[in-house]
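User: Hey, I've got a structure to look at and I'm new to this. Can you walk me through it?

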Amino acid sequence: MCKQSQKGFSLVELLMYIAIVGAAAALMTGVLTNVLKVQTRESTSNEVSNQLNFVIQTIQRLVRESSLIDIETATTTS
């Protein structure tokens, strides 16, 4: 009798490979989702910081350029 060589995968091997690839894909999707969430949170935080700095600088400039500021006489200043 001739010995036939089998080519291809058995059903069990195919299911195992699909399960391994699926688990790896799910893990990578979870990592990517978390990275995008952190990136969005960081960019939002940076934008808020930039806006706050702009507001503070604008207030400082307006106070510095003002010609008259009324302060009550009982108020202590530095």
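User: Which side chains meet in a salt bridge here?
Analyst: R61 and E65 do, at 3.5 Å from N to O. A salt bridge here is a side-chain nitrogen of Lys or Arg within 4 Å of a carboxyl oxygen of Asp or Glu. Keep in mind that this is a predicted model: local features need pLDDT of at least 70, side-chain atom pairs count only at pLDDT 80 or more, and totals for chains, interfaces and linings use all residues. Residues are numbered from 1 along each chain as its sequence is written, and side-chain values use heavy atoms, with hydrogens and water left out.

User: Where do R61 and E65 lie?
Analyst: Both are in helix α1, residues 11–65, and they sit four residues apart, about one turn of the helix. Helices are DSSP runs (H or I, at least four residues), numbered from the N terminus.

User: Is E65 buried or exposed?
Analyst: Exposed, at 56% relative accessibility, while R61 is partly exposed at 37%. Buried means under 20% relative accessible area, exposed over 50%, and partly exposed in between (1.4 Å probe, protein chains only).

User: New topic: how many helices and strands are in the protein chain?
Analyst: One helix and zero strands.

User: And what share of its residues count as buried?
Analyst: 1% of the 78 residues.

How values were computed
Helix = DSSP H or I, 4+ residues; strand = E, 2+ residues; numbered from the N terminus.
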